[in-house]
Amino acid sequence: MLVACNGNNKIGYGHFFRCLSFVKFFSDIIDQPIFFLGDFDNFCRKRLVQEKISEISHILDFLKMKSTNKHSLLIDSYDESFIKKFRSYSKNVNVFALNDSFYNSPYTNVGLDIDYIINVRAKAEIYDNFDCPNKLLGVKNFWGSKELWQMRRMVERKNWLHDRLNLAVCFGGGITSFSDLMISALEVFPTIPTIKKRFFYITECQFKSLKHSKPAVIEKYDMQVFESNVYKLLLKSDLLLNSGGLIKYEAALAGRLPICVGGTPLQNEDNKNFCALGLGLCFNHKKELYELSSESLESRIQLFFRASKKAFDETNLVNARRFVYEGTRHNSYSKRNL
């Protein structure tokens, strides 16, 4: 399987880690060697080395390696110019496209021959309108990782509501322009008695930015190096303050309440749909943040656990596994008229 995506501190790491978690979670049914191709920085490359996954620099390198009829393409990108590079190749193999757009999808007008669309965004089963014969839709199909499912099982076996809770803060791995709303979130949380410890997972470039613009914020938090393994980031946390994206799905799966602020327009839309399902808290105005109290937080936590138990059920993954199995075991050359 050729995995096409990008991951670096300019565009962020969501596409990369979504693809990585996919091939890891379904590794037992993807009966194909895995190769990653894209614009990766050292942060991503180190993770590939850790997982013993090979990176290639050009699609021709992958074509030379093919020794079986069973091969496929997994692609995840917003960059149409990047997607177009795989048009010719997509005509001859089964193509899985990880998509999180309801409208104006980057895959719509690029000429990619897509066989399987996977969109596990909240409410994708309602709003996804991409024309494709095979679809896996909705947050109930979110695979996450085996470690996150284990965290969920542990959470469900104990009384999660403590007198004091640990808050982790993570705005992603990219070079982030911190909005006023995000800074307000950092500044208001220390006033809530429920919060016991505050961990800030941050990259070097983000640390330099905050040290220059908001040094007082840094002093209030326990600074931690941004982890490439989200399991380690969530392990000692109960709440996760974030701007949106993949990490809020991972947190909710693990039983850690996501609290979403700011983000891109796409993230804001997704945050709204996600939190409407009771899977997190979403703030769009400073006034809402200042009104958050220990009592209101506790009630939302209770709602979160009821909603997340319904959304993340391991029995739902039977359908996802069947979907991936059929796509990767199917003869790729069936798309040709041979």
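A word on the model: it is predicted, so local features need pLDDT of at least 70 and side-chain atom pairs count only at pLDDT 80 or more, while totals for chains, interfaces and linings use all residues. Residues are numbered from 1 along each chain as its sequence is written, and side-chain values use heavy atoms, with hydrogens and water left out.

Let's start with helix 13, residues 265–276. Helices here are DSSP runs of H or I with at least four residues, strands are E runs of at least two, and both are numbered from the N terminus.

After helix 13 comes Gly-278, with a positive phi near 85°.

Helix 12 also meets helix 7, residues 146–156: their axes come within 8 Å and cross at roughly 40°. Axes are lines fitted to C-alpha atoms, for helices over the stretch in contact, with angles from 0 to 180 degrees between N-to-C directions. The two helices are therefore oblique (under 35 degrees is roughly parallel, over 145 roughly antiparallel, 65 to 115 roughly perpendicular, and the rest oblique). Leu-148, Trp-149 and Arg-152 in helix 7 are in contact with Glu-250, Ala-252 and Leu-253 in helix 12, contact meaning heavy atoms within 4.5 Å.

Now to strand 8, residues 165–169, where we find Asn-166. Asn-166 is buried, at 16% relative accessible area. Beyond its neighbours within four places in sequence, its contacts include Lys-196, Phe-199 and Asp-238.

Finally, the aromatics: there are 26 pairs, counted for Phe, Tyr and Trp (its six-membered ring) when ring centres lie within 6.5 Å, with planes under 30 degrees apart stacked, over 60 edge-to-face and the rest tilted. Phe-22 and Phe-96 make a tilted pair, 6.4 Å centre to centre with 50° between the planes. Phe-22 sits in helix 1 and Phe-96 in strand 5, 74 residues apart, and both are buried. They belong to one aromatic cluster that also includes Tyr-249 and Phe-274.

Key:
The expected span of a helix is 1.5 Å times one less than its number of residues. Buried means under 20% relative accessible area, exposed over 50%, partly exposed in between (1.4 Å probe, protein chains only).
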